[in-house]
Amino acid sequence: MSPTLLPIAIMIIAHYEHRLPADYDLERIRSRAAQRGQLWDDTRDLYFKAFLLRESGRHGATGHSYSSLYLWRHAQALTQFVGSRFRSVTDSFGRPEIQTRLALDARRGNGTVARFAYRQDIDIARDADLAAVLAEEAARNQSQVARPAIVAGAVGVDVQQWRVSRILLSESELDQDAGTAYQVLYLARPELEQLPR
């Protein structure tokens, strides 16, 4: 049976990252994630929000960064967030670039506690068959999410840069091929259970 794209193209993957100084006290970030994470546990139209940390010298990181990764049900939910709750981000860290992707596929896996997040960005070749590439990426995500340790997976496309972004939330460390590794400090998952397996 050939894989088909789920009718969820309106879902939005959003990610923004804040570079931190080398001497930044990372306990402040861990405390922030623990305190603010619970505020997202019942957010409407949000499948998940992951509070992420890259710590210099761990999991391939050469510097510190703090970021947030979202899977929104639709673009309007992201717009409402930027118009209201985003102020706490800009007041603390300034205005970051929010990278957004149209979701091609998103699923929950059999994993329960996300400890790591992985992001891999792949450029789509100029002469590639777009329909075939997007269908292959959706099928790939379905197979990746079926792995035992995966809590959730999503794949999205940037239609300005023509790039695919693969996202995996995992209970355990994955190999380097999974992409850039982040520590998950907190995972708010208000509507995660509504995603298909």
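Helices (H or I, at least four residues) and strands (E, at least two) are DSSP runs, numbered from the N terminus. The model shown is predicted, with local features requiring pLDDT of at least 70 and side-chain atom pairs counted only at pLDDT 80 or more, while totals for chains, interfaces and linings use all residues. Residues are numbered from 1 along each chain as its sequence is written, and side-chain values use heavy atoms, with hydrogens and water left out.

**View 1. The barrel of strands.** In this model, 8 strands close into a barrel with antiparallel pairing, in the order β1-β3-β2-β8-β5-β7-β6-β4. Two strands are taken to pair if DSSP finds at least two bridges between them. On average, neighbouring strands of the sheet are turned by 30° against each other, direction ignored. Helix α1 packs on this sheet and touches β1 (12-20), β2, β3 and β8. The direction of α1 makes about 40° with that of β8. For such angles, axes are lines fitted to C-alpha atoms, for helices over the stretch in contact, and the values run from 0 to 180 degrees between N-to-C directions.

**View 2. Strand β5 and its two partners.** Strand β5 covers residues 116-123 and pairs with β7 in the antiparallel sense over 8 bridges. Along this pairing, D121 stands opposite S165 of β7, and I122 stands opposite V164 of β7. β5 also pairs with β8, again antiparallel, over 4 bridges. There, Y182 in β8 is the bridge partner of A117.

**View 3. Strand β4 between β1 and β6.** β4 is joined to β1 by 4 bridges, and the two run antiparallel. One of the partners is R101 in β4, which is bridged to I13. β4 and β6 also run antiparallel, joined by 6 bridges. Here D105 stands opposite V155 in β6. Because 7 of the 10 residues of β4 are buried, this strand is largely enclosed by the rest of the structure. Buried means under 20% relative accessible area, exposed means over 50%, and partly exposed lies in between (1.4 Å probe, protein chains only).

**View 4. The largest nonpolar core, around F48.** A nonpolar core is a set of buried Ala, Val, Leu, Ile, Met, Phe, Trp, Tyr and Cys residues joined through side-chain atoms within 4.5 Å. The largest one has 22 residues, of which F48, L69, L71, L169 and L187 touch the most other members. Two or more residues each come from β2 (46-54), β3 (64-72), β4 (99-108), β6 (150-158), β7 (163-170) and β8 (180-188). The largest share, 4 residues, is given by β2. Contact means heavy atoms within 4.5 Å. Leaving aside neighbours within four places in sequence, F48 is in contact with L69, Y70, L71, A152, L169, L187, A188, R189, P190 and L192. Another core, of 21 residues, lies apart from the largest one and includes A14, A33, F51 and F86.

**View 5. R32 in helix α1.** R32 is placed in helix α1, which spans residues 26-37. R32 counts as buried because its relative accessibility is 17%. Apart from neighbours within four places in sequence, R32 is in contact with G37, Y66, S88, V89, S92 and F93.

View 6. Helix α4 runs over residues 130-145, and its 16 residues should span 22 Å at 1.5 Å a residue. The expected span is 1.5 Å times one less than the number of residues. The end C-alpha atoms of α4 are 23 Å apart, which agrees. The buried residues of α4 are V133, L134, E137, A138, N141, Q144 and V145. They cover an arc of only 135° around the axis, so they are on the same side of α4. The arc is that of the directions from the helix axis to the C-beta atoms. An α-helix has 3.6 residues a turn, so residues three or four places apart point the same way. The buried residues of α4 pack against β4, β6 and β7, whereas A131 and E136, on the other side, are exposed.

**View 7. Two loop residues with positive phi.** Most residues other than glycine have a negative phi. D45, although not a glycine, has a positive phi of about 65°. D45 lies in the loop between α1 and β2 and counts as buried, because its relative accessibility is 15%. H59 is also not a glycine and has a positive phi of about 55°. H59 lies in the loop between β2 and β3. At 26% relative accessibility, H59 counts as partly exposed.
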